[in-house]
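Morning, everyone. Let me put the model up, and then we will walk through it piece by piece.

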Amino acid sequence: MGTATDIDGRYTLTVEQGSTLVFSFIGMVSVERIVGEETVINVAMRADVATLQEIVVVGYGTRLKYELTGSISSVTAEDMAGHTMPSFETALQGRAAGVHISAGSGKLGQAIRTRVRGSSSISASNQPLYVIDGIPVMSQSLGTGGNEPTNPLADLNPADIESVQVLKDASAAAIYGSRASNGVILITTRRGKEGDTRFNISTQLGFSEPANMIGYLNREQYIDLWRTAAINRFGPDDNWQARLDNTFPFWRDVDNPDDITLGADEDWEGHALRRGAAQQFDISASGGTANTQYFAAVSLMDQVAIVNGNEFDRISGRLNLDQKANDIVSFGMNMNLSRSRNFRVAHDRAFASPLQMIALPPLDPAYHPVTGELNRNTSYENGLVVRKYSHFDTEVFRNFGNIFINFDLLPGLTFRSEAGIDLLHQQEVQYNGRLTNDGGPDGYGFERNVKSKVYNLENYFTYNTVIGNDFDMNMILGTSLQQTDIEFASMAGTGFPSDEFQRVASAAEISFASASGTGYRYTSFFARANMKYLDRYLFTISGRTDGSSRFGRDNRYGFFPAASLGWVVTNEDFLIDNYAISFLKPRVSWGLTGNSEIDNFASRGLYLGSNYAGLAGLISSSIPSPDLRWETTTQTNFGIDFGFFNNRISGEIDYYIKETEDLLLNTQIPASTGFTSVYKNIGNLENKGWEFLLNTVNVDGAFKWNTNFNISFNRNKVTNLDGEIISVGIWRVMEGKPMGVFYTKEYAGVNPENGDAQFYLHGEDYEGDNPDELTNNIAAAANRIVGDPNPDFWGGFTNNFSYRGFDLSVMLQFVWGHDIYNHGAQWQASGLRWEDNHTVHYYENFWKEPGDETLYPEPRLFQSNGYGVSSIQIFDGSYMRLKDVTFGYTLPRRIVERANLQSVRVFVRGYNLLTFTDYPGWDPEANSPNTGVTTQTSNIQQGWDFYTAPQPRTITFGLNVAI
């Protein structure tokens, strides 16, 4: 039941005594009144300051959103509520404009790729700086190079997060100076509030399955393809069954060997991928008095991945405390303790990976048809054998947090000192049994320990003052010290008595042992001033000087300034009472940020101890680069924030230009020097783009409906490399092109007359006759630019509905214009060049007879008809995904109060429910993580699908109770 007022605010409504009336209006605080005996109820409403002046966390402080002159994207706790994935980053997908996040793989605990306004470096890291409660934390993988990168951010429970702010432009991020070129992600955890004591209990149970199954040939289809390929190659009289006998010893049925319709018909895709499960339990207590506020939480999470053999669990606890000692001194702490375990599988390119089981033909049975034991006589290694007799477990103990003290020295002047720590101890234990290919014949064991210690000390003054009632000023002046030390120790052994003995101590021979350490330091000085005049003219200026141990003595320090302007036009007299334009703020910013995320001793010549014929010696391991200096990014941003009709329609528009110079490039040098590469400052690249954010309140009343839409465009281009070309496989970095374009043979389709694969013979720079001349010899074809893994645009579209106690949220996430190199298709669509199983997509689209116009050439058994790397394996990866659908119900307050509860909500949530794409692989978000490679290689090799696991489709049921 409800009604609306007329233009003068009058209304009529028939209700019973004791009913509660709720008065609401866009941009105003809702008012509740209980109906008594009166016949007229008048209500005066006030502006909702929390809505119009949202507080946003920035570096070393907070600001009202309308006062911001920089570009910042925000994600709230509500967006991450009920999030059961190990790491919070996936909850940001499609919600933060300008931020492109790719999970890359459906494996749990793996590294997640995050780019803020594109990639700004070739050889240095492109990941943003992560700051939790003011403390920069370890966020890069510390896992062994023999497996895929792990994600240290999975040690943070998403349920503990209050908000996430992404500092995107230089004005917002330059306060972090040398580490801000890739953006800064500020994570603020929950805190207690005065007088709001409550206990929250949350439990979730979920089930998952692969979001997509490719579909591989069954027995009948594979035999038909084999027969066709054999006849095409050897003629119609070929004894193709005998060839099957020689290749697949168990393809015939044991009891009926002459009936080829009977026999092995193994679904290896079904063995590689499975149904997963997840459960999570959280309990927290928060509240406090005027002097003491607290937040304490404990969480248990356990997940079984859709990838056979992969599991992840975590137990974590958090305590945030704020204490006011007196009118001058207050202090507190933020502390997070966690233990996580990642039961891992082999990397994508290892035959031991469960995903590589899909290469096995259906004629290879998983179990021996006579003995019933796991079949070890398969074309490639039987991943079920690996699953049973091998393991690779990673256990992490993590403690990060800080203690702080504040002094209110004078009116408006405070001093804050905080000491932060991030301790990470990671242990990896691997054992490959004697029946596995990697462990035979006597077993292989590997153990590795990593200790990472990050210490951070911040001291800064904050001064707030008002001059003459019209001029507001907020100033910060401080210093920062950071020290990071990392220690590694690893050992491997072979020759175990049996598979019951799996630790290296039981090995007959220690085949490898190593111990090392590394570290780096930062010394920083920073200042910022925020000024506001007449509540409408905004100006921010900041500067930071950073010193890094990674550079030589003469280039150790860098200065990173920034400035920005904003004008709140709607606070001018000519717009102050304008209903149509409720908020309008143009802004512009400029600044300089840096990047120093390279090898810790890249500027120095190093030596290693060595064994030479039993004698100790030294080996020169790197040559010095004493002139190495900071990589710097200059960013200019033009933006406008707007609101119409009392902010019923609001949003932001930004255009930015990011120009990076003095690239920290790991450049090649002649091998005659004794080395192959050295870091130098060479090259420039740029990113340009648009960001659009639109929020609308479509319906407001008993039934509510609001919408959020964001879309981001980015263009990346390498503008200077001093003529150098960097090639990594089929990826290339070259002047005038986006970073990491695909450069290989260009497939020209099938010759419809004979089924031959065709390729363009000449390169793009060919100036002779017939530039489009074709050849059926892939080796003779020239290389060309055939694709780009960088997306043209990405974003998200969310609709939220609520009625009484019911709520529904539907989110679409999309990425468009990027290409994917489906490397596995080289074997899955080779026309039986090898015996690998093929996709149904190939089976339905290969050439069969003259006149056919098809994607794939004629299959020819064990013969190359276009076999090799070419653009036939490169596909458009554009997709739109029904990313998140949540339906919940909050019980009426009158019911829960009878049980002495504050609130009860039940919900069901679905992730990755539908994906709309033309990509023929498992997942258009695929990006096969790199193993044991440099940062440069990892930056360049994007859009690589090599038997990469798809994202899970997950349904979660949850219950939230507040006491």
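Start with the buried residues of α4: R219, Y222, I223, L225, W226, A229 and A230. Buried here means under 20% relative accessible area; exposed means over 50%, and partly exposed is in between, with a 1.4 Å probe and protein chains only. These residues cover an arc of only 160° around the axis, so they sit on the same side of α4. That arc is taken from the directions from the helix axis to the C-beta atoms. They pack against α5 (240–247) and α9 (840–843). Contact, throughout, means heavy atoms within 4.5 Å.

A word on what you are looking at. This is a predicted model, in which local features need pLDDT of at least 70 and side-chain atom pairs count only at pLDDT 80 or more, while totals for chains, interfaces and linings use all residues. Residues are numbered from 1 along each chain as its sequence is written, and side-chain values use heavy atoms, with hydrogens and water left out.

α4 runs over residues 219–234, which is 16 residues. From first C-alpha to last it reaches 22 Å, close to the 22 Å expected at 1.5 Å a residue. The expected span is 1.5 Å times one less than the number of residues. Helices (H or I, at least four residues) and strands (E, at least two) are DSSP runs, numbered from the N terminus.

What caps the N-terminal end of α4? N218 does: a side-chain oxygen of N218 lies 3.2 Å from the backbone nitrogen of E220. After the helix comes G235, with a positive phi near 105°.

Two strands pair if DSSP finds at least two bridges between them. β14 (residues 292–304) and β15 run antiparallel, joined by 13 bridges. D302 has D313 as its bridge partner in β15. The hairpin of β14 and β15 has six residues between the strands, and G309 takes a positive phi there, near 105°. β15 and β16 also run antiparallel, with 14 bridges. R318 stands opposite N336 in β16.

Hold on to D313. Its side chain meets that of R339 in a salt bridge, 3.5 Å from N to O. The pair links distant parts of the chain: R339 is in β16 (residues 329–344), D313 is in β15 (residues 311–324), and they are 26 residues apart. A salt bridge means a side-chain nitrogen of Lys or Arg within 4 Å of a carboxyl oxygen of Asp or Glu. Buried or exposed? D313 is buried, at 8% relative accessibility. R339 is partly exposed, at 24%.

How many salt bridges does the structure hold? There are 45. Take R587 and D654, whose closest N and O atoms are 2.7 Å apart. R587 lies in β24 (residues 581–595) and D654 in β28 (residues 649–661), 67 residues apart. R587 is buried at 4% relative accessible area, and D654 is buried at 2%. R860 and E858 form another salt bridge, again with 2.7 Å between the closest N and O atoms. Both R860 and E858 are buried. Salt bridges that share partners also join R63, E67, K532 and D535 into one network.

Now a loop arginine. R550 lies between β22 (537–548) and β23 (557–567). At 3% relative accessibility, R550 is buried. A polar atom of the R550 side chain lies 3.0 Å from the backbone oxygen of S596. The R550 side chain also reaches the backbone oxygen of I598, at 3.5 Å. Leaving aside neighbours within four places in sequence, R550 is in contact with several residues, among them Y520, Y522, E597 and D599.

In β29 (residues 664–668), four of the five residues are buried. Five bridges join β29 to β30 (residues 677–681), and the two run antiparallel. N666 has Y679 as its bridge partner in β30.

Then the open sheet: three strands, in the order β36-β37-β38, with antiparallel pairing. β36 (747–750) and β38 (774–775) stand at the edges with a single partner strand each, so one side of each has no neighbour in the sheet. β36 pairs with β37 (residues 757–760) over three bridges. V750 has A757 as its bridge partner in β37.

Technical notes. A polar contact is a pair of N or O atoms within 3.5 Å; within protein, one must be able to donate a hydrogen and the other to accept it, and residues adjacent in sequence count only if both atoms are side-chain atoms.
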